[in-house]
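Subject: Handover of a structure

Dear colleague,

Please find the structure below, together with its sequence.

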Amino acid sequence: MKSKNRIKSILFLTGLFILLYITSYLLLPYNNMGDNLYKKANGILKEPKDTIDYVAIGDSECSASISPMEVWNAYGYSGYNCGVPSQQLQDTYYLLERLLKSQHPNLVFLETNAFYRDFKYINSLETSIEETVKKIFPIYKYHDNWKYFHFYMLKTISHKIKPDSATVYKGYQYSAIVNPYKSGPYVTETEDVYVIDEQPLLYLNKIVNLCRDKDIQLILYSAPSPKCWSYAKHNAAAAFANENQLTYIDLNLDIDTLGIDWAKDSRDDGDHLNYFGAKKVSDYMGKFLSEHTDLADHRKEERFAGWNRELKNYLKLTEQN
Amino acid sequence: MMAYNSLLYLFIFLPVVLLAYQLAPQSFRYKVLLIASYVFFLSFSGKLLAYLLFSTLSIHHMGLWLASCKKDYMPAAYAPEDKKAKKAAYDSKRRRILWLGIGLQLSILLILKYSGFFFENFNLALKAISFPRLLPSMKFALPIGISFYTLQAISYLIDVYYEKIEADDNLGRLALYLSFFPTLLEGPICRYSQTAKALCQGKPLEYKNLTYGLQRIMWGLFKKLVIADRLNLLVETIFDTANHYGGIIVIAGAVLYTFQLYADFSGCIDMTIGTGEMFGIAIPENFRQPFFSKTASEFWRRWHITLGAWLKDYIFYPISLTKFVKNLGKKSRAKLGKHLGQIISSSAALFGVWILNGLWHGTGWNYIFFGMYYFVLILLGNLLEPVIQRMVNALRISRTSALYRSFQTVKLLVIVFTGELFFRANSLTAGMNMFQSIFTGFHWSAVTDGSLLKLGLSLPDFIAVFLGFIAVYTVGLIHEQGISIRDRISGWNMFARWSFLYAAILLIIVLGAYGDGYLPAKLIYAGF
């Protein structure tokens, strides 16, 4: 290639990068709803030492299904949702190991969808590239915000809203979008077993051992998800729980008790719960904690005053939608 | 997995291959492409690479075997009384090799792709006569591109047999022809004579090829991300819960699926051709503005062109030239006249083409119905042509008038949308029910009460899709007039050209349907 063409290519790409960088700022959201997901999970590291009663961990099924502020509001238990979309179990293990250095929760809820997450290296590579691009050019992440462009502009310019503190949601991935699941009942009992692959199993055992060493009760749970869940997966998770004497809560089998209405409670056709579905799961989990553990209600404790302040923000943000 | 629209493919895989290709010595460049193609295949199908290897080795061997027969056959050296017998033995041996080669390729495809369907239907037939099921349920993992490279392999062997090309003794070259990564997922179905030479030439990269190729890739990305993947949300809702809808919603499903399929498949082919262009390799076009056609047969000459051409050359003509069909033609022409006789003799070949077209796409009865639907329509079109011509003459209608052409366009669109409704339906029964529900559940209110906006696409989504349509229609119109848009753009001054390209890139990024809130949409034809 001629040097003139080389210079032209470099100039074109430089111009493009600058343009993408600048336009990114036009589409940035006005609060932390779609903020960096790891950043939110890592938000637990900012919590005062030993103030977390329970931790929920797993992939996006976890981050979208339990809202710790709902549990706090009803029961006064302090929790943190460390779920990260597309997280694989080895990352879950390392995240848990890291957070246990500053917190000593009584209980960990481990969501089971990550047991079956594809471990192909090529997929992990694709995810890492996507995350890097999103970091450098936020326009790639927030591109869909053009639909609400006027809304953001009005909010940010006329009211000068500052981004909310990352801790308001306590790691929960808030979404009030409603995209119903329409295919009807999906629980069909079978004896088939969806075997957990060797690599996730290795890290699953490490998580079990880590919790045992730290004297933490580990509870497996499956968030309601017609798109991701199957009875064969349930059988494998139940067998693992049985072998390791763990409690396993499969919420997919208890949709009616939970009161999940698939016309309103899913954000993406039955893959993940939205805020309305997560509220129901959070109530269920809060009730479970009150019935099966002796956690204390911290709502009136002075060292948890920050939680009550953040609750006000949380209610304001969720009631807006 | 590296779909052509993934960041991994566009920003890592492709640049690395381009760089390695450029840095490699010219004679080694085709090996770079071959390694890249196998890495690409491995990223999708892992151990199933064994099938591709087997196909390649067997085709290479069969080609050389055919060539060696020719070397061993020396008509000049035979005594005149032996010549006929030697010729017959030579022809017979070559035919056997050809059929063995084709049989091997087809066996793999039939076992992996079709055995489950045939076994299941055989068991159903047994059940109908109260007999217990005999055959097991079969489901195999399919290596990517198997339907595409099998057709390429067969065409290579037949072309060697008919001496249109010489058998390639270089295994690497043949392997690259069968597995070239841009064509592996969705074709187009290339002939050895079209691409093999360019693939192995190792031409150095050129600035014009790179920029033109990139522009073509961008156009493909636009169609795929802005139109196809956005429509995917709505199309999936309608077809997966078809029994909830009727009337206008089902019509919208069929229409929008047709556009989704076109944007998805032709978008992928644009990315394929663009990638080839960057390496200086001309990959044949697979679409030529099909929606500007006037008849169903013209539509199929403009849609998935390489499949149509493959079926014409390797199915239609061979069937037409069989003794049986020739005799049938002769007799029917003598008894029924030229027009009818011709139609009757060509119908056998046409049937072969369309049943295979349907089956090639998949193993459901809806695909077979799809093939038969076009078989009947094209046959009827040919049969009625003189009647229509007489009617047009009697009514003094000009076939070139705008009104008549509009009528033809509307008629063609109805035919295509109906065909795609059955093509996309989850089963033939589902397709039939959906088709019926257009008439039984028709309510105009679906247009006014906002029902369409509750199916997964919001108003801004529809606006994005509409803008996409306008762009695709305008580009089609310009191409229909034989104008090269890229040549025109390259004639603009740098400011205008760069501004246009920046705007196009921004549009793809902003209006594309990907990331949070969108289910990853697969390349539709990769599934066939």
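**Chain A as a whole**

Among contacts in chain A (heavy atoms within 4.5 Å) between residues at least 6 apart in sequence, 85% join residues at least 24 apart. This is a predicted model, in which local features need pLDDT of at least 70 and side-chain atom pairs count only at pLDDT 80 or more, while totals for chains, interfaces and linings use all residues. Residues are numbered from 1 along each chain as its sequence is written, chains are lettered from A and ligands numbered from 1 in the order in which they are written, and side-chain values use heavy atoms, with hydrogens and water left out.

Chain A has 13 helices and 5 strands; these are DSSP runs numbered from the N terminus, helices being H or I with at least four residues and strands E with at least two. Of its 321 residues, 52% count as buried. Buried means under 20% relative accessible area, exposed over 50%, and partly exposed in between, with a 1.4 Å probe and protein chains only.

**The interface of chain A and chain B**

How many residues of each chain take part? In chain A 33 residues are in contact with 37 residues of chain B. The two chains bury about 3,100 Å² between them, 67% of it on carbon and sulfur atoms; buried area is the accessible area (1.4 Å probe) that two parts lose on being put together, summed over both. On the side of chain A, the residues that lose the most area to chain B are A:Phe12, A:Trp146 and A:Lys182, together 21% of what that side buries.

Helix 1 (3–27), helix 6 (121–136) and helix 7 (138–142) of chain A are the elements that give two or more residues to the side touching chain B. Helix 1 of chain A gives the most, with 11 residues.

**An enclosed helix in chain B**

Helix 6 of chain B (residues 171–179) is largely enclosed by the rest of the structure, because 7 of its 9 residues are buried. Among them are B:Leu174, B:Leu176 and B:Tyr177. The cover over the buried residues includes helix 2 (29–45), helix 3, helix 5 (146–161), helix 7 (181–184) and helix 8 (192–201) of chain B. At the start of helix 6 of chain B, a side-chain oxygen of B:Asn170 comes to within 2.8 Å of the backbone nitrogen of B:Gly172.

**Individual residues**

B:Lys223 lies in helix 9 (residues 207–240) of chain B. Is B:Lys223 buried or exposed? With a relative accessible area of 5%, B:Lys223 is buried. Leaving aside residues up to four places away in sequence, B:Lys223 touches several residues, including B:Tyr262, B:Asp270 and B:Val472.

B:Leu57 belongs to helix 3 (residues 49–72) of chain B and is partly exposed, at 48% relative accessible area.

Note on methods: A polar contact is a pair of N or O atoms within 3.5 Å; within protein, one must be able to donate a hydrogen and the other to accept it, and residues adjacent in sequence count only if both atoms are side-chain atoms.
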